[in-house]
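Please read the points below beside the sequence and the model. They go through some sheets, helices and contacts in turn.

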Amino acid sequence: MNDYYQVSAQPPLQGQIDISGAKNAVLPLMAATLLCKGKSIINNVPQLDDVATMAQVMRYLGAKVDHQGSRLTIDTQACHGHQAPYHLVTKMRASIYVLGPLLARYGRANVALPGGCAWGPRPVDLHLAGMQALAAKVELTHGNIHAYAGKLKGVDFTFSTSSVGATVNMLLASVLAEGTTRLFNAAIEPEIDNLIDQLNAMGANIFGKGTTTLCIAGVDQLAPTEINAIPDRIEAGTYLIAAAMTRGRVRLNQVIPAHLTALLTKLSDCGADIQYDQDSITLDAQRQGLRPMSIKTGPYPQFATDLAPQWMALCASLPGITQITDHIYPDRFQHVDELNRLGANIRVKGNSAYIIGSTSLSGAPVNASDLRAGAALVLAGLVANGTTEVRQIHHLDRGYHNLASKLMQLGATIQRDADDTSVNVTHLSLCG
Ligand code: UD1
């Protein structure tokens, strides 16, 4: 059986919803619990397939994982394993986050290589170079990363490219290394800050939070702790774009507006009225005529690549010519052909898409090629005439908690259905 969403064109979205915890924050927080023995707690954890996959990886390593509501308990007392096998890593590339902690804790790790994803190659060379710099021996054989080390040794390491995942892995490995590690050109995404808060609460000594230079004074051991995952800025951004596209008025609760500055600035430039306080954002696009705006993605605090497909849906639905350039993933345009099936006029050249927007999208069956591509198609369905059927929505289940019910809470007409006649699910599902 394959589930799909039926999305209908409708009046402006109205109302308010709560934003869930960030899956991209939760996954490193989960991996960090491997660094010590005992029971760690992570709050504000959404029930998502990616979280379930990471829980499977943790269980494979011997941890007990219990996810009740939004509270996740991980007991690593009986952990013994040091392997993350291919059948789990291929489901979700962030499984590679166990590499650093396993190496730091047990002196060895055997993790399957994640491979590419639906929008092209996604190397892990920086993760591996980082482990080697910490004095680990790294071998690649039979599609696996085999890493060994006695005690990891602190080092000065510069990331040649800003990488969220490689920064996560280096933090997770270096906190238990001997001596001091300095990381240059580290990623500064809010999810990294969340991880640093957790690690420091566990007893680590990490300095420089929020900057591209991190200094980690290694410690001998860490202790379990309790931490709250930050709100999901990509989920929040998706609903803000949906509100703008439908000319609605929507309030998001449980958000950190500062994490969304690039998007809020662009939405405001488009003509939407944005009000925010400490933990809520209200977008009002009811009265204004909106115009599309070009964007370029980049590392935080620049416009997030994970919001570029949704932004493309917005640009496709507003009259005007725009350009979307992805500097993080130059091939991330699998959603273009599907948006064009809905009547959009988008051409791709190099790492840019050129969009001739119009208000005449029309509903059709479309396939989600990955998580955010799926979100873009659902958003387009909200403004396309008739009904849009979005298939391959297992991708959306990886990253959007209660997508349909949250949209329905805002007045959308969206229904989850299932049939057994659609094509086999063959797309890789490890993007995002
Ligand atoms: C994370 C996010 C993903 C988001 C991406 C960019 C998680 C679980 N996923 O992915 O949703 O789209 O950040 O914001 O948090 N690179 C290398 N070598 C490496 C690693 C990365 O060249 O070893 C390159 C990538 O190809 C890419 C850039 O660095 O061009 C940034 O990627 P990175 O920040 O590592 O993305 P992820 O951590 O995989």
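1. Strand β7 (residues 108-112) and strand β9 (residues 144-148) run antiparallel and are joined by 5 bridges. Val111 has Ile145 of β9 as its bridge partner. Strands count as paired if DSSP finds at least two bridges between them. Strands (E, at least two residues) and helices (H or I, at least four) are DSSP runs, numbered from the N terminus.

2. A note on the source: this is a predicted model, in which local features need pLDDT of at least 70 and side-chain atom pairs count only at pLDDT 80 or more, while totals for chains, interfaces and linings use all residues. Residues are numbered from 1 along each chain as its sequence is written, and side-chain values use heavy atoms, with hydrogens and water left out.

3. β7 and β9 belong to an open sheet of 4 strands with mixed pairing, in the order β6-β7-β9-β8. At its edges are β6 (83-84) and β8 (137-141), each of which pairs on one side only. Helix α4 (residues 99-106) packs on this sheet and touches β6, β7 and β9; contact means heavy atoms within 4.5 Å. The direction of α4 makes about 160° with that of β7. Such angles run from 0 to 180 degrees between N-to-C directions, and the axes are lines fitted to C-alpha atoms, for helices over the stretch in contact.

4. Another open sheet of 4 strands, also with mixed pairing, has the order β22-β23-β1-β24. β22 (365-367) and β24 (413-419) each have a single partner strand, so one side of each lacks a neighbour in the sheet. On average, and with direction ignored, neighbouring strands here are turned by 25° against each other. β22 pairs with β23 (residues 387-391) in the parallel sense over 3 bridges, and Asn367 has Arg391 in β23 as its bridge partner.

5. What lies across β1, β22, β23 and β24? Helix α12 (residues 371-383) does, running at about 35° to β1 (2-8). Of the 13 residues of α12, 12 are buried, among them Leu371, Arg372 and Leu382. Buried means under 20% relative accessible area, exposed over 50%, and partly exposed in between (1.4 Å probe, protein chains only). Asp370 caps the N-terminal end of α12, with a side-chain oxygen 3.1 Å from the backbone nitrogen of Arg372.

6. His395 sits in helix α13 (residues 394-397) and is buried, at a relative accessible area of 0%. The side chain of His395 reaches the backbone oxygen of Ser369 at 3.4 Å. A polar contact of 3.4 Å also joins the side chains of His395 and His394. A polar contact is a pair of N or O atoms within 3.5 Å; within protein, one must be able to donate a hydrogen and the other to accept it, and residues adjacent in sequence count only if both atoms are side-chain atoms.

7. Strands β20 (residues 345-349) and β21 (residues 352-357) run antiparallel, joined by 5 bridges. Asn345 stands opposite Ile356 in β21. The hairpin of β20 and β21 has 2 residues between the strands, and Gly350 there takes a positive phi near 60°.

8. Helices α8 (residues 233-245) and α10 (residues 308-316) pack at about 5°, with their axes 10 Å apart. That makes α8 roughly parallel to α10, a term for angles under 35 degrees. Residues of α8 including Ile234 and Met245 meet residues of α10 including Trp311 and Leu314.

Terms used: Parallel < 35°, antiparallel > 145°, perpendicular 65-115°, else oblique.
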